[in-house]
Amino acid sequence: MNYVELSAAISAYTENTEDSFIAEIPVFVKQAEQRIYNSIQFPSLRKNMTGVMAANNKYVSAPDDFLAVYSFAVITDYGTSDEAYEYLLKYFADESGKKAGEFFTPRSVVRLLTLVLDPKEGESGHDPTVGSAGMLVEMVNVVRERGGDARTLRLSGQEVSLTTAAIARMNLFLHDIEDFRIRRGDTLRDPKFKTPTGELERFDLVIANPPFGLSPWGHEHWSHDPYGRSRYGVPPPSTADYAFIEHMVATMKPESGRIAVVMPQSALFREGPDLEIRRNLLEAGLFDSVIGLPPNIFYNTPQPACILVLRSSQ
């Protein structure tokens with residue numbers, strides 16, 4: 001896809017934040033591009049692109065900046081649209097520092113999470129804090145690498161930020177993924193993926209890098225959660241770490257469900273309500289393994305992290 005084609009796609013696309021995208025072009029509308037440009041701080045990109053366009057006596061608008069760098073990435077080191085887009089995400093993440101944690105997980109961590117889950121043809125994959133959808137994309141990559149038909153994967157994700165949800169749709173489309181569902185909303189307070197009877201939808205693969213230590217997060221409603229997510233305990237109001245884990249457990253299939261989630265290492269040792277939830281999850285036989293990660297590999301925190309792997313059937 002070149003600059004002209006991408007520009008035409010952007011102009012033609014009509015935003016739909018709730019439904020599946022099948023045989024549509026899920027890319028930014030102009031307003032979404034403007035929000036992305038305004039919400040991510042990358043001063044050197046602004047400066048450099050403004051200089052380049054000014055030298056050519058051209059007016060610089062936010063979408064043109066994005067598309068110009070996109071085209072530059074395609075023309076130079078990144079020969080395909082999906083590779084160029086990943087380059088852009090990494091570039092924006094580097095430029096925006098801690099804010100990047102809202103939408104970008106380092107590629108090496110994404111790869112490890114996905115290989116641990118071992119996605120297969122025909123399975124459903126879900127990310128409740130989908131960000132830029134890198135983990136869903138990696139599920140597709142792994143199935144393709146193994147000679148499988150990635151079109152049989154059923155992918156979905158929820159994201160609280162409208163801007164980041166737009167990034168996710170763009171990322172999936174540029175990786176030739178057209179059948180997916182990205183919905184906007186607060187996963188803990190208002191989960192969007194439900195069955196016709198109002199129960200939480202369940203998936204084979206549930207993968208996430210939720211925000212560490214999120215607060216406030218809806219603690220006051222968790223003890224009487226209508227979806228039964230507080231089965232293993234009620235996390236403290238100071239951090240939502242185990243609320244995300246309980247949500248993921250409630251949304252994995254009872255026979256084939258697997259979870260891989262990034263957590264701060266402190267989540268392994270906290271006492272109080274978190275200790276009770278850990279004990280209950282262990283006694284239920286859900287924990288499969290814990291993988292330690294070193295410090296300083298995430299944009300939004302220097303603290304060491306870990307990957308928790310859970311399975312519904314050991």
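**The whole model**

The structure is a predicted model, in which local features need pLDDT of at least 70, side-chain atom pairs count only at pLDDT 80 or more, and totals for chains, interfaces and linings use all residues. Residues are numbered from 1 along each chain as its sequence is written, and side-chain values use heavy atoms, with hydrogens and water left out.

Begin with the entire protein, coloured by pLDDT, which is the predictor's confidence in each residue, from 0 to 100. The mean pLDDT is 77, and 66% of the residues reach 70 or more. Select residues 55-81, where the pLDDT is below 50; beyond near neighbours in sequence, this stretch has 48 contacts in the model (contact means heavy atoms within 4.5 Å). Then select residues 95-101, where the pLDDT is also below 50 and the model has 17 contacts beyond near neighbours in sequence. Where pLDDT is low, the predicted coordinates should not be read in detail.

Of the 314 residues, 51% count as buried, where buried means under 20% relative accessible area, exposed over 50%, and partly exposed in between (1.4 Å probe, protein chains only). Among contacts between residues at least 6 apart in sequence, 70% join residues at least 24 apart.

**Helix H10 and its surroundings**

Select residues 241-250, which form helix H10. Is this helix mostly covered, or mostly open? H10 is mostly covered, with 10 of its 10 residues buried. Among them are Asp 241, Glu 246 and His 247, as well as Phe 244 and Met 248. To see what surrounds the helix, display strand E5 (205-208), helix H9 (219-222), strand E6 (258-264), helix H11 and strand E8 (305-311), against which the buried residues of H10 pack.

Two packed helices are described by the angle between their axes and the distance between the axes. Axes are lines fitted to C-alpha atoms, for helices over the stretch in contact, and angles run from 0 to 180 degrees between N-to-C directions. The two helices are therefore roughly parallel to each other; angles under 35 degrees count as roughly parallel, over 145 as roughly antiparallel, 65 to 115 as roughly perpendicular and the rest as oblique. Their crossing is left-handed, a term used if the near helix is turned anticlockwise from the far one by less than a right angle, and right-handed if clockwise.

Show side chains for Tyr 242, Ile 245, Glu 246 and Val 249 of H10, together with Asp 274, Ile 277, Arg 278 and Leu 281 of H11; these residues make the contact. They divide into 5 nonpolar, no polar and 3 charged. Here Ala, Val, Leu, Ile, Met, Phe, Trp, Tyr, Cys and Pro count as nonpolar, Asp, Glu, Lys and Arg as charged, and the others, Gly among them, as polar.

**Helices H6 and H7**

Move to H6 (residues 107-117) and H7 (residues 134-145), which pack at an angle of about 55 degrees with their axes 9 Å apart. That makes H6 oblique to H7, and the crossing is right-handed. The contact residues include Val 110, Leu 113 and Leu 117 of H6, and Met 135, Met 139 and Val 142 of H7.

Within H6, select Ser 108, which counts as exposed at 55% relative accessibility. Ser 108 and Ile 297 are 189 residues apart in sequence and 9.5 Å apart in space, C-alpha to C-alpha.

**Backbone details in the loops**

Most residues other than glycine have a negative phi, and most peptide bonds are trans.

- Asp 118, in the loop between H6 and strand E2 (124-127), has a positive phi of about 55 degrees and is partly exposed at 26% relative accessible area.
- Asn 296, in the loop between strand E7 (287-292) and E8, has a positive phi of about 65 degrees and is exposed at 58%.
- Pro 216 lies in the loop between E5 and H9; the peptide bond from Ser 215 to Pro 216 is cis, with omega near -5 degrees.

Notes
Helix = DSSP H or I, 4+ residues; strand = E, 2+ residues; numbered from the N terminus.
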